[in-house]
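Please keep the viewer open as you read.

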Amino acid sequence: MKKIIVITVRVDSETADAISLLAQTHDRSVAWITRKLITEALEAHKLLKPQANKKDWRAKS
């Protein structure tokens, strides 16, 4: 899936800190983690179809 749209959001410092910590823990960028969190939420609400052959990014390799 191509990433061609940029979305800017404002969050409180607690949310920003949590996303930054998650990104650092998983050695990912804040943008990558944010995109994953949004995608997972939309899939959970059945607004996006889950992608096939998708590994759980939270699992430690």
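## Overall make-up

The protein has two helices and zero strands, where helices (H or I, at least four residues) and strands (E, at least two) are DSSP runs numbered from the N terminus. Its C-alpha trace spans about 35 × 30 × 20 Å along the principal axes. Of the 61 residues, 11% are buried; here buried means under 20% relative accessible area, exposed over 50%, and partly exposed in between, with a 1.4 Å probe and protein chains only.

A word on the source: this is a predicted model, in which local features need pLDDT of at least 70 and side-chain atom pairs count only at pLDDT 80 or more, while totals for chains, interfaces and linings use all residues. Residues are numbered from 1 along each chain as its sequence is written, and side-chain values use heavy atoms, with hydrogens and water left out.

## How the helices meet

Two packed helices are described by the angle between their axes and the distance between the axes. Helix α1 (residues 13-25) and α2 have axes that come within 9 Å and cross at roughly 105°. That makes α1 roughly perpendicular to α2. The axes are lines fitted to C-alpha atoms, for helices over the stretch in contact, and angles run from 0 to 180 degrees between N-to-C directions. Angles under 35 degrees count as roughly parallel, over 145 as roughly antiparallel, 65 to 115 as roughly perpendicular and the rest as oblique.

Which residues make the contact? From α1 come Ile 19, Ser 20, Leu 22 and Ala 23, and from α2 come Val 30, Ile 33, Thr 34 and Leu 37, with contact meaning heavy atoms within 4.5 Å. By class, these residues are six nonpolar, two polar and no charged. For this count, Ala, Val, Leu, Ile, Met, Phe, Trp, Tyr, Cys and Pro are nonpolar, Asp, Glu, Lys and Arg are charged, and the others, Gly among them, are polar.

## Residues along the helices

Leu 37, in helix α2, is partly exposed at 34% relative accessible area. Not counting residues up to four places away in sequence, Leu 37 touches Ile 19, Leu 22 and Trp 57. Leu 37 and Ile 19 are 18 residues apart in sequence, and their C-alpha atoms are 9.3 Å apart.

Ala 16, in helix α1, is also partly exposed, at 29% relative accessibility. Between the C-alpha atoms of Ala 16 and Val 30, 14 residues apart along the chain, the separation is 9.1 Å.

Glu 43 belongs to helix α2 (residues 30-44). Is Glu 43 buried or exposed? Glu 43 counts as buried because its relative accessible area is 14%. Leaving aside neighbours within four places in sequence, Glu 43 is in contact with Leu 48, Lys 49, Pro 50, Gln 51 and Lys 54.

## Positive phi values

Asp 27 sits in the loop between α1 and α2 and has a phi near 55°, a positive value in a residue other than glycine. Asp 27 is exposed, at 72% relative accessibility.

Lys 46 lies in the segment after α2. Although not a glycine, Lys 46 has a positive phi of about 60°, and at 72% relative accessibility Lys 46 counts as exposed.
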